[in-house]
Amino acid sequence: MFELKTPTGRRMPLVWRWSSSPYKVYLGAAHGVCGILLVLLQCPQPTWDAYEEVLLETVDCLIDFQLASGNWPSSVGSPSDDLVQWCHGAPGMVLLLSLLVGRHEPEFALSAARRETYLRALSAGARCVWERGLLIKGPPNLCHGTAGSAYALLHASIATDDCELLAQGMSIAMHAANWRELERGGQLVRGDSPSSLMCGVAGAACLWADLLCVVCGQRENFVGFPASLDIAQS
Ligand SMILES: [Zn+2]
């Protein structure tokens with residue numbers, strides 16, 4: 001049986017291995033543990049109620065992998081701290097932790113100690129996104145672009161009622177809105193699917209629309225990070 005221990009020696013209760021490489025375990029939101037937990041925890045409560053503790057223990061284990069920089073490695077055993085993007089790294093984890101500590105129905109049954117741990121990890125992850133979230137992969141996209149960074153900060157600000165995080169998310173979103181000029185100036189490298197939802201400007205349009213809802217006081221129209229934090233509403 002495949003057993004995985006975290007850097008603190010804790011046994012990870014739920015592990016999903018990458019299909020083409022039996023010993024590769026991705027951690028992030030696109031290919032890894034974080035993304036699977038995000039989907040499971042947004043299913044209707046009766047589907048995860050009985051498994052809540054094991055799901056939260058898996059989140060605890062994910063936090064064990066957080067680096068001193070506030071980021072996460074893309075996979076177990078990777079020494080790299082290079083990628084700060086939704087698919088690999090802190091932005092995806094910030095979404096997961098925002099879901100867990102945010103006020104919504106149903107709320108997750110977090111002990112005070114666990115909530116404190118999640119808030120600390122969320123704060124360090126959000127700081128990392130703010131410091132390193134201006135990405136050069138264009139157009140500004142959700143998967144590995146600035147739109148993903150801004151969305152993560154927006155969700156973190158809502159979950160924690162932190163205006164500074166909102167201001168940080170807004171400034172990255174506004175930087176992203178300048179993407180045509182950034183492309184012309186060579187500060188953005190144009191990707192393969194420039195109009196798509198996850199890798200193109202369509203995802204950025206969702207970010208800008210949600211940001212407008214927040215700043216105009218229309219939170220009832222807020223949808224959330226597509227395919228990541230909008231699942232409960234789909
Ligand atoms: Zn990506």
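Predicted model: local features only at pLDDT ≥ 70, side-chain atom pairs only at ≥ 80, totals over all residues.
The axes of H7, residues 163-177, and H9, residues 201-215, come within 11 Å and cross at roughly 135°. Axes here are lines fitted to C-alpha atoms, for helices over the stretch in contact, and angles run from 0 to 180 degrees between N-to-C directions. The crossing of H7 past H9 is left-handed, a term used if the near helix is turned anticlockwise from the far one by less than a right angle, with clockwise giving right-handed.

On the H7 side, the contact is made by Met170, Ala173, Ala176 and Ala177, and on the H9 side by Ala204, Leu207, Trp208 and Leu211. Two residues are in contact if their C-beta atoms, placed from the backbone, lie within 7 Å. The residues of this contact comprise eight nonpolar, no polar and no charged. In this division Ala, Val, Leu, Ile, Met, Phe, Trp, Tyr, Cys and Pro are nonpolar, Asp, Glu, Lys and Arg are charged, and the others, Gly among them, are polar.

Residues are numbered from 1 along each chain as its sequence is written.

Helix H1, residues 33-40, packs with helix H4, residues 90-101, at an angle of about 30°, and their axes are 10 Å apart. H1 is therefore roughly parallel to H4. H1, too, passes its partner H4 in a left-handed crossing. Cys34, Gly35, Leu37 and Leu38 of H1 meet Gly92, Met93, Leu95, Leu96 and Leu99 of H4. The residues of the contact of H1 with H4 divide into seven nonpolar, two polar and no charged.

As for the chain overall, there are nine helices and two strands. These elements are DSSP runs numbered from the N terminus, helices being H or I of at least four residues and strands being E of at least two. Their order along the sequence is α-α-α-α-α-β-α-α-α-β-α. The radius of gyration is 17 Å, close to the 17 Å from the globule rule for 234 residues, so the chain is as compact as a globular protein of that length. That radius is taken over C-alpha atoms, and the rule is 2.2 Å times the number of residues to the power 0.38.

Of the 234 residues, 44% are buried. A residue is buried with 20 or more other C-beta atoms within 10 Å of its own, exposed with 12 or fewer, and partly exposed in between, the C-beta atoms being placed from the backbone.

Finally, some backbone details. Where are the cis peptide bonds? One joins Glu105 and Pro106, with omega about -10°, and Pro106 is found in the loop between H4 and helix H5 (112-132). Another joins Gly138 and Pro139, with omega about -15°, and Pro139 lies in the loop between strand E1 (137-138) and helix H6 (146-160).

Asp161, in the loop between H6 and H7, has a positive phi near 55° although not a glycine. Asp161 is exposed, with 10 other C-beta atoms within 10 Å. Ala227, in the segment after H9, has phi near 65°, again positive in a residue other than glycine. With 19 C-beta neighbours inside 10 Å, Ala227 is partly exposed.

Note on methods: Parallel < 35°, antiparallel > 145°, perpendicular 65-115°, else oblique.
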